[in-house]
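Hi everyone, thanks for making time for this. I'd like to walk you through a structure, so please have a look at the screen before I start talking.

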Amino acid sequence: MKIFLDTASVSELKEGVALGVVDGVTTNPSLIAKEKRPFRPLVEEICAIVPGDVSLEVVATDFEGMVKEGAELAQIAPNVVVKCPLTKDGIRAVRFLTGKGIRVNQTLCFSATQALLSAKAGAYYISPFLGRLDDIAHVGMDLVRDICEIYRVQGFTTQVLAASIRNPLHVVDAAKAGAHVVTMPFAVLEQLMKHPLTDLGLKKFLDDWAKLGAKI
Ligand code: G3P
């Protein structure tokens, strides 16, 4: 399973990439807006920092606008994956852009039927937003499980990118469900590493070593 960071923060991306466990990044218009920087230089910097795929989202909502913006975004760097929303025009855009050799991450997926059509259209990634389903008292992880099963049974090659991840349990459950990618905020990545018994154990080792007074 690949780990992506769900951020447009250059400092978070640099730190995540230096850790050696970050395979890519997903952005969206809200994350880009948070950075308060001109769009082009920001995303060019992100594409240079991150070794793997960088999802950049269109903001047009009609087919013509989406494919025009998608083609422009794809020119920015070879690791760009164009993000299109899961609407009727968005599904058409997936088919069109995929036909031009541009990879698409279909975003804002909230149902298995949407995911099925997106795979039929040739999406490279499908992004079910599980946290936002949890927010309205639906079990978001059930959608991730359903999509993984449908794609496996039907032989679709679209990769399941579990998004809207809010906590470490989401990551564990998405991994168990067979998601190909989990994208998470930097804070969740940090939570994945932490365990109080690790901290306590390390303190005990170092205290005992200090008492010995030896050197390595
Ligand atoms: O990249 C989109 C997605 O991960 C958004 O997450 O927390 O805003 O629902 P969230």
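Let me begin with a question: is K194 buried or exposed? K194 counts as exposed, at 56% relative accessibility. Please keep in mind that this is a predicted model.

The side chain of K194 meets that of D199 in a salt bridge, at 3.5 Å from N to O. D199, for its part, counts as partly exposed, with 42% relative accessibility.

Now let me step back to the overall picture. The protein has 216 residues, and 45% of them count as buried. Its secondary structure comes to eleven helices and eight strands. The C-alpha trace spans about 70 × 40 × 30 Å along its principal axes. As for the surface, the accessible area is about 11,300 Å², and 59% of that belongs to carbon and sulfur atoms. If you take contacts between residues at least 6 apart in sequence, 56% of them join residues at least 24 apart.

Next, please find strand β5, residues 104-109. Five of its six residues are buried, so this strand is largely enclosed by the rest of the structure. Which strands pair with β5? One is β4, residues 80-85, which runs parallel to β5 and is joined to it over four bridges. In that pairing, P85 stands opposite T107. To get from β4 to β5 the chain passes through helix α5, residues 88-99, in a right-handed β-α-β crossover.

Another partner is β6, residues 125-128, also parallel, with three bridges to β5. Here N105 stands opposite Y125.

L108 counts as partly exposed, at 31% relative accessibility. S164 also has a positive phi without being a glycine, near 60°. You'll find S164 in the loop between β7 and α9. Is S164 buried or exposed? At 10% relative accessibility, S164 counts as buried, because the cut-off for that is under 20%.

Back to charges for a moment. Side chains of opposite charge can pair when their charged atoms come close. A search of the whole structure finds ten salt bridges. One of them joins D135 and R166, at 3.0 Å from N to O. That pair links distant parts of the chain: D135 sits in helix α7, R166 in the loop between β7 and α9, and they are 31 residues apart. D135 is exposed, with a relative accessible area of 52%, whereas R166 is partly exposed at 40%.

Another salt bridge joins D208 and K211, at 3.5 Å. These two are three residues apart in helix α11, residues 196-212, so about one helical turn separates them. D208 is partly exposed at 33%, and K211 is exposed at 67%. Together with K204, D208 and K211 are linked in a network of salt bridges.

One last stop, on the nonpolar side. L19, V21, L192 and M193 form a nonpolar patch on the surface, with about 320 Å² of accessible area together. M193 belongs to helix α10, residues 186-193, and is partly exposed at 46%.

That's my tour, and I'm happy to go back to any part of it.

Methods: Residues numbered from 1 in each chain as written. Predicted model: local features only at pLDDT ≥ 70, side-chain atom pairs only at ≥ 80, totals over all residues. Heavy atoms only, no water. Buried < 20%, exposed > 50% of the residue type's maximum accessible area, 1.4 Å probe, protein only. Pairing = 2+ DSSP bridges. Right-handed = clockwise from strand over helix to strand, strands pointing away. Patch = residues over 30% accessible without salt bridge, like charges linked within 9 Å, V, L, I, M, F, W, Y side chains within 5 Å. Areas by Shrake-Rupley, 256 points an atom, 1.4 Å probe, with all protein chains shown as cover. Salt bridge = Lys/Arg side-chain N within 4 Å of Asp/Glu carboxyl O. Contact = heavy atoms within 4.5 Å.
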